[in-house]
Amino acid sequence: MHRVVITGMGAVTPLGNSAPATWKSLCEGRSAIAPITTLPREALRFGIAAEVRDFDPLAHFEEKRLILLDRVSQLALVAAREAIAQSGVDFSHEDLGENTAVVIGTGVGGEQTHDAASRRLYGENNPRLHPLTIVRLMANAPACQISIEHALRGPAFATVSACASSNHAIAQAFHMVRSGVADAAVTGGTESCITLGTMKAWEAMRVLADDTCRPFCKQRRGLVLGEGAAVFVLETLENAQRRGAVILAEITGAGMSADAGDIVYPSEAVAAKAMQRALADAGLAPENIDYINAHGTGTPANDPTETRAIRRTFGAHADALAVSSTKSMHGHALGAAGAIELVAVIGALRDGVIPPTVNFVDADPECDLDYVPNTAREMRARAALSNSFAFGGLNAVLALRGSD
Amino acid sequence: MSSAQETIFDIISKESGIDRAKITPEATLKDLDIQSLDAVQILFEIEDHFKITMPDRDPNFDTESVKGLIDTVEKLVAEQPTNPPAA
């Protein structure tokens with residue numbers, strides 16, 4: 001079994017169009033939640049989201065190639081370029097690409113393309129759809145496009161598990177590199193779901209906040225949708241050391257579980273099981289963890305359940321943990337959530353700064369952990385967990401530690 | 001029983017699977033042991049039937065009790081502009 005390290009990260013998020021810009025905003029406690037700019041506001045009940053701003057596709061792609069790329073793939077490709085450049089890996093030169101995996105999570109895939117095709121067909125009664133509709137909207141498109149652009153010929157696929165898609169993707173990539181099935185991996189998640197269809201569907205569930213996202217506090221009123229992508233380069237510790245690469249963090253374990261219960265109401269015990277499995281897989285005791293990047297959606301149901309699941313997993317050590325939900329800043333990017341949050345976890349492990357839970361007003365007696373309210377905290381974190389719990393009761397937790 | 005009440009009782013019974021005889025205006029959806037996912041389906045069916053938009057966590061409206069739902073629907077329906085006759 002190999003030790004698996006992260007040597008590159010890239011991100012395009014509502015908080016910034018690179019990983020360093022995103023991390024800087026997270027440290028500043030800046031929230032990107034704002035009125036939606038890309039949809040007719042009068043058609044929406046609340047009309048807020050965390051959108052990726054100032055992203056010009058033509059600055060990154062030739063016009064001809066853009067015909068092939070839904071925004072969900074554009075964001076992923078740009079994040080992957082940044083991650084691969086930072087890692088310093090030359091996939092073509094070192095023959096590493098021959099068995100490098102690409103695993104990219106997404107909740108809904110090419111939703112912009114899907115929405116536009118539906119509008120044409122049903123709204124405009126135009127029976128002709130663009131011939132590249134399918135290759136743009138398929139959920140595996142981001143993974144394929146990364147594999148094509150960088151000539152990565154190992155196992156490549158998408159993982160789809162709603163809000164846990166990214167963590168499931170990163171867990172799969174981690175397992176493949178750890179076991180030697182793949183020599184390296186490019187992994188993460190991407191989502192571009194701020195379409196009229198998706199927004200209306202979320203509105204109908206009545207779980208969206210009308211003001212902003214306030215995880216774990218008494219005044220929380222629901223989640224706020226976001227979008228974006230984050231991508232990482234994983235390789236073995238030996239390979240990274242041989243290359244003299246900068247190691248950003250080590251992935252030490254992954255834990256997954258399924259509630260096998262309610263389709264939306266989360267299970268405390270089974271969420272705890274995913275955290276326990278991640279700790280066991282990492283060979284870490286609860287006392288080794290200093291920070292948890294929580295799923296923390298800001299819904300009435302998630303936050304107290306997650307709090308109890310953390311207490312169940314950590315016992316008395318729960319009170320020593322810093323727990324924050326960065327969704328208060330970048331929104332809930334669904335299938336990209338875990339990947340964007342990994343940028344926060346890596347930042348915390350590297351820089352000794354815990355990103356806060358912003359928009360926090362008053363404590364809720366049902367949520368009684370240290371949520372690092374409103375302001376980042378300087379604190380050394382040796383190891384961390386990153387939680388993602390999806391609709392359908394699908395839980396995926398990553399365990400990481402800083403590089404030695 | 002008003003026709004709005006009749007319809008709302010029907011919707012609650014159909015969506016939650018509760019015996020219609022057990023539904024009273026005084027009950028809250030919680031009293032009737034209606035889960036949140038059933039509750040949002042009830043609200044959707046009411047909206048779709050009456051062509052209205054039910055308030056979402058608006059403190060000025062009670063959408064937790066059956067009577068609150070009936071009152072809200074009657075108020076919103078009364079406020080609707082009457083449709084001009086079809087040409």
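This report describes the fold and the aromatic pairs of a predicted model.

## Overall fold

Chain A contains 13 helices and 14 strands. Its C-alpha atoms occupy a box of roughly 60 × 50 × 40 Å along the principal axes. The radius of gyration of chain A is 20 Å, which agrees with the value near 22 Å that a compact globule of 404 residues would have.

## Burial, surface and charge

Of the 404 residues in chain A, 60% count as buried. The chain exposes about 14600 Å², and 53% of this area is supplied by carbon and sulfur atoms.

Chain A carries 35 positive and 44 negative charges.

## Aromatic pairs: A:Trp202 and A:Phe391

Over all chains, a search of the whole structure finds three aromatic pairs. One of them joins A:Trp202 and A:Phe391, with ring centres 5.7 Å apart. The planes of these two rings meet at 25 degrees, and the pair counts as stacked because planes under 30 degrees apart are classed that way.

A:Trp202 belongs to helix H8 (residues 196-205), whereas A:Phe391 sits in the loop between strand E13 (383-390) and strand E14 (394-401). The pair therefore ties together parts of chain A that are 189 residues apart in sequence. The two partners fall into separate burial classes: A:Trp202 is buried, with a relative accessible area of 12%, while A:Phe391, at 31% relative accessibility, counts as partly exposed.

## Aromatic pairs: A:Phe216 and A:Tyr371

A:Phe216 and A:Tyr371 form a stacked aromatic pair, with 4.1 Å from centre to centre and 10 degrees between the planes. Both A:Phe216 and A:Tyr371 are buried.

Each residue of this pair comes from a loop. A:Phe216 lies between H8 and strand E7 (228-236), and A:Tyr371 lies between strand E11 (353-354) and strand E12 (377-378). The parts of chain A that they tie together are 155 residues apart in sequence.

## Aromatic cluster

A:Phe216 and A:Tyr371 also belong to an aromatic cluster, in which A:Phe360 is the other member.

Definitions and conventions
Residues are numbered from 1 along each chain as its sequence is written. Chains are lettered from A and ligands numbered from 1 in the order in which they are written. This is a predicted model: local features need pLDDT of at least 70, side-chain atom pairs count only at pLDDT 80 or more; totals for chains, interfaces and linings use all residues. Side-chain values use heavy atoms; hydrogens and water are left out. Rings of Phe, Tyr and Trp (its six-membered ring) pair if their centres lie within 6.5 Å; planes under 30 degrees apart count as stacked, over 60 as edge-to-face and the rest as tilted. Helices (H or I, at least four residues) and strands (E, at least two) are DSSP runs, numbered from the N terminus. Buried means under 20% relative accessible area, exposed over 50%, partly exposed in between (1.4 Å probe, protein chains only). The radius of gyration is taken over C-alpha atoms; the globule rule is 2.2 Å times the number of residues to the power 0.38. Accessible areas come from the Shrake-Rupley method with a 1.4 Å probe; for residues, only the protein chains shown count as cover. Lys and Arg count as positive and Asp and Glu as negative; His and the chain ends are not counted. The place of a charge is taken as NZ of Lys, CZ of Arg, CG of Asp or CD of Glu.
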